[in-house]
Amino acid sequence: MEFNLYDYLISFLIGGIICTLGQILVIRTKITTSRILVLFLCIGIILEAVGVYPPFREFAKAGASVPIIGFGASLARGAIEGAQTSGLLGALSGGLKSASGGIAASVFFAFILALIFSSHSKKN
């Protein structure tokens with residue numbers, strides 16, 4: 001695998017744009033961060049379902065697959081493949097199977113961070 005500065009630049013720019021859009025939603029609207037997270041997840045699912053996400057991922061590389069949009073697309077891709085091979089049960093289990101690595105990493109790192117830091121509510 002060779003080093004290609006263009007790929008790194010595109011990944012950084014696309015990932016930055018996605019995160020900037022999320023930050024703009026946080027700052028400019030009253031939408032909670034959890035709802036923005038779900039919105040981005042659903043955008044990834046929709047993009048995968050209509051077939052737009054694969055060429056976008058090919059162009060943007062990690063800039064498209066690392067943010068939550070990529071997780072949504074991974075869930076949708078697994079559900080679609082599961083439905084094609086195993087019907088309704090495959091649609092329900094396929095998404096979890098395809099995204100299990102991301103889910104396991106999220107739970108693991110959330111646990112580690114919960115041990116390190118103490119949580120508190122935001123003060124208005």
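Is Arg77 buried, partly exposed or exposed? I found it partly exposed, at 26% relative accessibility; buried means under 20% relative accessible area, exposed over 50% and partly exposed in between, with a 1.4 Å probe and protein chains only.

A note on ground rules: this is a predicted model, where local features need pLDDT of at least 70, side-chain atom pairs count only at pLDDT 80 or more, and totals for chains, interfaces and linings use all residues. Residues are numbered from 1 along each chain as its sequence is written, and side-chain values use heavy atoms, leaving out hydrogens and water.

Next I looked for salt bridges (a side-chain nitrogen of Lys or Arg within 4 Å of a carboxyl oxygen of Asp or Glu). The count came to one: Arg77 with Glu48, at 3.1 Å from N to O. Arg77 sits in helix H5 (residues 68–98) and Glu48 in helix H2 (residues 33–49), 29 residues apart. Helices here are DSSP runs of H or I, at least four residues, numbered from the N terminus. I noted Glu48 as buried, at 10% relative accessible area.

Then I checked how the two helices pack. The axes of H2 and H5 are 7 Å apart, at an angle of about 45 degrees. Axes are lines fitted to C-alpha atoms over the stretch in contact, with angles from 0 to 180 degrees between N-to-C directions. Among the residues that meet, I listed Phe40 and Leu41 from H2 and Phe71 and Ile80 from H5; contact means heavy atoms within 4.5 Å.

Last, I visited Ser74, also in H5. Ser74 is buried, at 13%, and touches Ser98 and Ala99, leaving aside residues up to four places away in sequence.
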